[in-house]
Amino acid sequence: MPALVAAAMTGGFAAAGAAPLPLDDATLSEVRGAGLGVGVHLELNSALLTGAIPQPNLAAAFGDPAQPNYLVMYGVGGVLDLYAVTLNVVTAADGSSQLALGLPGFVGANTFGTRAIAVQSDPTAPMSAATSLGGLTLDGTGAMTGRLLVWAR
């Protein structure tokens, strides 16, 4: 540690404070890194986990524009954890650059989804048993492998 302090005091870190230098395309293409890793902890309407009454959160109109029907989702939310989502730039076989989005190595869900789905003519009306199509929620943990490649056309 004393050597680190001495180097800082004598200007040994002068390059760290220097102004950034512009890089041309050839120099920039030689830069290599390990990518970026991201962890996500999402709590969406998490009061639903403690007994809050599900409200209509999402509605999509379809059918006749003059008298549409609505697909309505009630109580969208829960807790979702995604760890080790990676973001890298890779070079394809043809030499083009691609963005590689790595799938999360860990996925954890705590009642994440929608409590009820209904089709109705009024998106603000309370859901009835006649219009309910059920719900979809995820609980548990899992792992994924693989990646999604994205490139410009």
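Is F106 buried, exposed or partly exposed? F106 is partly exposed, at a relative accessible area of 32% (buried is under 20%, exposed over 50%, partly exposed in between, with a 1.4 Å probe and protein chains only).

1. Ground rules. This is a predicted model, where local features need pLDDT of at least 70 and side-chain atom pairs pLDDT 80 or more, while totals for chains, interfaces and linings use all residues. Numbering runs from 1 along each chain as its sequence is written, and side-chain values use heavy atoms, with hydrogens and water left out.

2. The ring pair. The count is one aromatic pair (Phe, Tyr or six-membered Trp rings with centres within 6.5 Å; stacked under 30 degrees between planes, edge-to-face over 60, tilted for the rest). Y83 and F106 are stacked, 5.6 Å centre to centre with 15° between the planes. Y83 sits in β3 (residues 69-91) and F106 in β5 (residues 106-120), so the pair ties together parts 23 residues apart in sequence (strands are DSSP E runs of at least two residues, numbered from the N terminus). Y83 is partly exposed too, at 38%.

3. Strand pairing. β3 and β5 pair antiparallel over 12 bridges (pairing takes at least two DSSP bridges), and V76 stands opposite T114 in β5. β5 is also joined to β6 (residues 132-142) by eight bridges, again antiparallel; there F112 stands opposite L138.

4. V40. Have a look at this residue as well: V40 belongs to strand β1 and is partly exposed, with a relative accessible area of 32%.

Note on methods
Helices (H or I, at least four residues) and strands (E, at least two) are DSSP runs, numbered from the N terminus.
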